[in-house]
Amino acid sequence: MEAMRLILTSRRALAGGGGRTEILTEVWQAQALAQAIGSRLAVSGPPELRGEALGLTELAGRGCGVLDAPDLDPGDLRAAQLTALEDARGALLDLGGLLGEVGIALVALASAADDQGTYWQCMEAIDAADESRDRVLEMLRKLAAREEREEREGAALPER
């Protein structure tokens with residue numbers, strides 16, 4: 001399935017809310033999806049994004065690692081359904097939005113946490129989501145710089 005469609009599905013599921021377990025499951029799903037997108041970009045994305053994409057893969061993996069892995073059927077794991085990343089810029093814009101929403105959902109959970117374990121788990125997951133989003137924003141900046149450079153080079157070519 002295409003990355004942007006999976007991100008939209010994750011955004012809708014996260015917005016759908018539910019209880020603590022459902023929200024943490026959606027946060028985990030979002031981080032796993034970010035990890036898969038980072039991995040895809042690191043392998044076959046634009047060369048200038050590969051280092052940041054590797055960083056995204058590591059940070060999103062940390063985001064999954066600080067949360068308890070949800071009990072999902074293999075077919076329900078969105079990251080495993082990623083088959084295409086046709087528009088890197090569009091996917092990164094949507095992923096940045098999703099990671100921002102993940103942070104907001106985690107702040108709400110941490111604020112309502114009854115126990116220190118849940119609170120600190122949320123705080124670590126907030127840090128991971130924020131750092132993952134920073135990587136996404138840096139990749140978007142690099143894509144914009146590349147597009148600007150290509151436009152300048154195209155304008156500088158003499159016409160025949």
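## A walk through a helical chain

Let's start at one residue: Ala13 has its place in helix H1. Helices here are DSSP runs of H or I with at least four residues, strands are E runs of at least two, and both are numbered from the N terminus. With a relative accessible area of 23%, Ala13 counts as partly exposed, because that label covers whatever falls between buried (under 20%) and exposed (over 50%), using a 1.4 Å probe and protein chains only. Leaving aside residues up to four places away in sequence, Ala13 touches Glu26 and Arg78, where contact means heavy atoms within 4.5 Å. Ala80 sits 67 residues from Ala13 along the chain, and their C-alpha atoms are separated by 17 Å.

A quick word on what you're looking at: this is a predicted model, where local features need pLDDT of at least 70 and side-chain atom pairs count only at pLDDT 80 or more, while totals for chains, interfaces and linings use all residues. Residues are numbered from 1 along each chain as its sequence is written, and side-chain values use heavy atoms, with hydrogens and water left out.

Now step back to the whole chain. It has 5 helices and 0 strands, so to speak an α-α-α-α-α pattern when you read along the sequence. The C-alpha atoms fill a box of roughly 70 × 30 × 25 Å along the principal axes. Of the 160 residues, 43% count as buried. Take the contacts between residues at least 6 apart in sequence, and 83% of them join residues at least 24 apart. The accessible surface comes to about 8600 Å², and carbon and sulfur atoms hold 50% of that; such areas come from the Shrake-Rupley method with a 1.4 Å probe, and for residues only the protein chains shown count as cover.

Back to H1, which spans residues 3-15 and packs against H4 (residues 88-112) at an angle of about 20 degrees, with the axes 9 Å apart. Axes are lines fitted to C-alpha atoms, for helices over the stretch in contact, and angles run from 0 to 180 degrees between N-to-C directions. That angle makes H1 roughly parallel to H4; the cut-offs are under 35 degrees for roughly parallel, over 145 for roughly antiparallel, 65 to 115 for roughly perpendicular, and oblique for the rest. On the H1 side, the meeting residues include Met4, Ile7 and Leu14, and on the H4 side they include Leu95, Leu98 and Val102. By class, this contact has 9 nonpolar, 3 polar and 3 charged residues. Here Ala, Val, Leu, Ile, Met, Phe, Trp, Tyr, Cys and Pro are nonpolar, Asp, Glu, Lys and Arg are charged, and the others, Gly among them, are polar.

H4 also packs against H5 (residues 116-156), at about 160 degrees and again with axes 9 Å apart. These two helices are therefore roughly antiparallel. Their contact divides into 20 nonpolar, 4 polar and 3 charged residues.

H5 has another neighbour in H3: their axes come within 9 Å and cross at roughly 165 degrees, so H3 and H5 are roughly antiparallel too. The contact of H3 with H5 holds 7 nonpolar, 4 polar and 8 charged residues. Glu52 is buried, with a relative accessible area of 16%. Not counting residues up to four places away in sequence, Glu52 touches Arg135, Glu138, Met139 and Lys142.
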